[in-house]
Amino acid sequence: MAASGDQVDLSPLAGVKIDKHSTGGVGDKTSLVVAPLVAAAGIPVCKMSGRGLGHTGGTIDKLEAIPGFRTEMSLAALFDQVRAVGIGLVGQTGNLVPADKQLYALRDVTGTVASIPLIATSIMSKKLAGGADGFVLDVKVGDGAFLKTKAEAEELGQLMVAIGKNAGRKTIAVLSAMDQPLGKAIGNALEVKEAIATLRGEGPPDLEELSLALGAQMLILAGAEQETSAAQARLKKLIANGEGLQVFTRWLAAQGGDPQVVEDLSLLPTAPIVTQVQSSKRGYVGAWHTEALGLTSMRLGAGRAQKGDPIDHGVGLVIEKKIGDWVETGDIIAQVYARSQAEAAVAVDEVLAEVELTPTPPPVLPLVIGYII
Ligand code: URA
């Protein structure tokens, strides 16, 4: 499958090129944090990413929220940029894995879209054709992921790691929880703001934790570090000394984006209506219906129901209470960023139905569930 169309040759770029892939979630903006941090550690980042569909977002859509940011360029221009600033990220170009398109159509009519081996081959054929020397695969588990159970996610992770290794690429999978949005922000410009805050060391703890976990594995696969703890410490230092944010700023500028947004977040698009979602009950947040939150955000305009639909970069949700937090009646549990009062009102009602409050604290589950090596 990987050889059925164009295959990118990254060998003109010096160094070990490690790609990161997420199976998709809600509020997952880790690539925006991890890519500049890994580049700041001296590992070249040359990456292709996708757009969002349904309840999940896509890195390319998030980057396009930055005024001027270009996500299309020739491979030669991308290589020049990676040599100059250490990082480049574009949308998928060329005729990568045409066999996957045919097989996907066949899966669609044979009830095999959900087949885990076929998902593994679909994802990994595109990764292999992308040409990286190694892959860190973030396999999401939970209500906001497309695999809802740990057993299914483990099976997918094991197959993808085996495929990567059999093809001679260093591959590791990280199983991570997607039982609530990652961080607070869902929606493109909102997520860019949160990624910038995280690169400043002021981001939500869960987003920082997963970014460090994935970034550390990238450094290890690239041979830059041996131990997870040392690799994480190095990335933390690149947050603390501002070097990760500097690389992010140079990266934006190199792809035509307005680098002023880093200092002045008001330059990012924002929705005209911002409405608070106030709880009508009290209790601990026991669960968020995460896929449903992703769909609410999509209907506000942050995502697309069909491939090719236009999106609005300014809209979305900010989740103010995470699982385990105590909520009093009247507390703000979320904020809705909408294009109109009418759309905001619909989203407020939906968000209120998408949270479950419980009288006792729910069990605290780990964000990083395990590694498949
Ligand atoms: N992502 C893919 O690329 N293919 C699938 O089949 C599922 C998720």
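The buried residues of H12 pack against strands E7 (273-278), E8 (283-288), E9 (316-319), E11 (332-338) and E12 (355-358), and against helix H11 (290-302); contact means heavy atoms within 4.5 Å. The model is predicted: local features need pLDDT of at least 70 and side-chain atom pairs 80 or more, while totals for chains, interfaces and linings use all residues. Residues are numbered from 1 along each chain, and side-chain values use heavy atoms, without hydrogens or water.

Helices (H or I, at least four residues) and strands (E, at least two) are DSSP runs numbered from the N terminus. Buried in H12 are Ala 344, Ala 347, Val 348, Glu 350 and Val 351, that is, under 20% relative accessible area with a 1.4 Å probe and protein chains only. H12 has 13 residues (341-353), which at 1.5 Å a residue should span 18 Å, and the 19 Å between its end C-alpha atoms agrees; the expected span is 1.5 Å times one less than the residue count.

Around the ligand lie Tyr 104, Arg 107, Ile 119, Ser 122, Ile 123 and Lys 126, near meaning a heavy atom within 4 Å. Helices H4 (98-110) and H5 (116-129) each supply at least two shell residues, and H5 gives the largest share, 4 residues.

The side chain of Arg 107 places an N or O atom 2.9 Å from a ligand oxygen. For Lys 126, a polar side-chain atom is 2.5 Å from a ligand oxygen, and for Ser 122 one is 2.6 Å from a ligand nitrogen. Of the ligand's own 240 Å² of accessible area (Shrake-Rupley, 1.4 Å probe), the protein covers 74%.

Note on methods. Polar contact = N/O pair within 3.5 Å; in protein donor to acceptor, adjacent residues only side chain to side chain. Buried < 20%, exposed > 50% of the residue type's maximum accessible area, 1.4 Å probe, protein only.
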